[in-house]
Amino acid sequence: MIRKFLSFATVGGLLTLVSLGTNFICLKYFNFPLIPTYIGVSIVTIFISFVLNSKYTFKSEINLKNTIKYYAIYLSSMCIGTVLLYIFENNLSFENWVYPFMVLPFTLSFNFFVSSKYLTLKAVDELNSLD
């Protein structure tokens, strides 16, 4: 159980850094638009997170039911982040690359609370054992 938690936290932490780093580079150095960049990076990192956690953390098969549940939670978080980015961008005057960092506390909190309710390690194990 501890190994699974550490693996889950490691995957999440690394992909958060990848996400922030990719947003930073795309927004600061390539002047990509804020919202599409955030959405694109989020979708890719959510997918990578799901694959890594399925294969290495939980050692389970990737199937449609697990994918839908995982994506429902994390895409909801992405939508919250997108709305906050829009609000921040239109009401504050920072460079675009700053906003994904400002959104992070909100999306991490949402992910933690919703995942702990619906994707706890025990719930994921039970879900995976149904396959």
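# A chat about helices and a salt bridge

Visitor: Hi! Where is T16 found?

Guide: T16 is found in helix α1; helices here are DSSP runs of H or I with at least four residues, numbered from the N terminus. This is a predicted model, where local features need pLDDT of at least 70, side-chain atom pairs count only at pLDDT 80 or more, and totals for chains, interfaces and linings use all residues. Residues are numbered from 1 along each chain as its sequence is written, and side-chain values use heavy atoms, with hydrogens and water left out.

Visitor: What is T16 in contact with, leaving aside its neighbours within four places in sequence?

Guide: T16 is in contact with L104 and L108 once those neighbours are left aside. Contact means heavy atoms within 4.5 Å. T16 and L108 are 92 residues apart in sequence, and their C-alpha atoms are 9.4 Å apart in space.

Visitor: New topic! At what angle do α1 and α2 pack?

Guide: Helix α1, residues 2–29, packs with α2 at an angle of about 155 degrees, and their axes are 9 Å apart. Axes are lines fitted to C-alpha atoms over the stretch in contact, and angles run from 0 to 180 degrees between N-to-C directions. That angle makes α1 roughly antiparallel to α2, a label for angles over 145 degrees, with under 35 roughly parallel, 65 to 115 roughly perpendicular and the rest oblique.

Visitor: Which residues meet there?

Guide: Among them are F8, V11 and L15 in α1, and V41, I48 and L52 in α2. By class, the contact of α1 with α2 has 12 nonpolar, 9 polar and 2 charged residues. Ala, Val, Leu, Ile, Met, Phe, Trp, Tyr, Cys and Pro count as nonpolar, Asp, Glu, Lys and Arg as charged, and the others, Gly among them, as polar.

Visitor: And how many salt bridges are in the whole structure?

Guide: A search finds 1 salt bridge, meaning a side-chain nitrogen of Lys or Arg within 4 Å of a carboxyl oxygen of Asp or Glu. K28 pairs with E95, with the closest N and O atoms 3.5 Å apart.

Visitor: What parts does that pair tie together?

Guide: K28 lies in helix α1 and E95 in the loop between α3 and α4, so the pair ties together parts that are 67 residues apart in sequence. K28 is partly exposed at 31%, and E95 also counts as partly exposed, at 46%.

Definitions and conventions
Helices (H or I, at least four residues) and strands (E, at least two) are DSSP runs, numbered from the N terminus. Buried means under 20% relative accessible area, exposed over 50%, partly exposed in between (1.4 Å probe, protein chains only).
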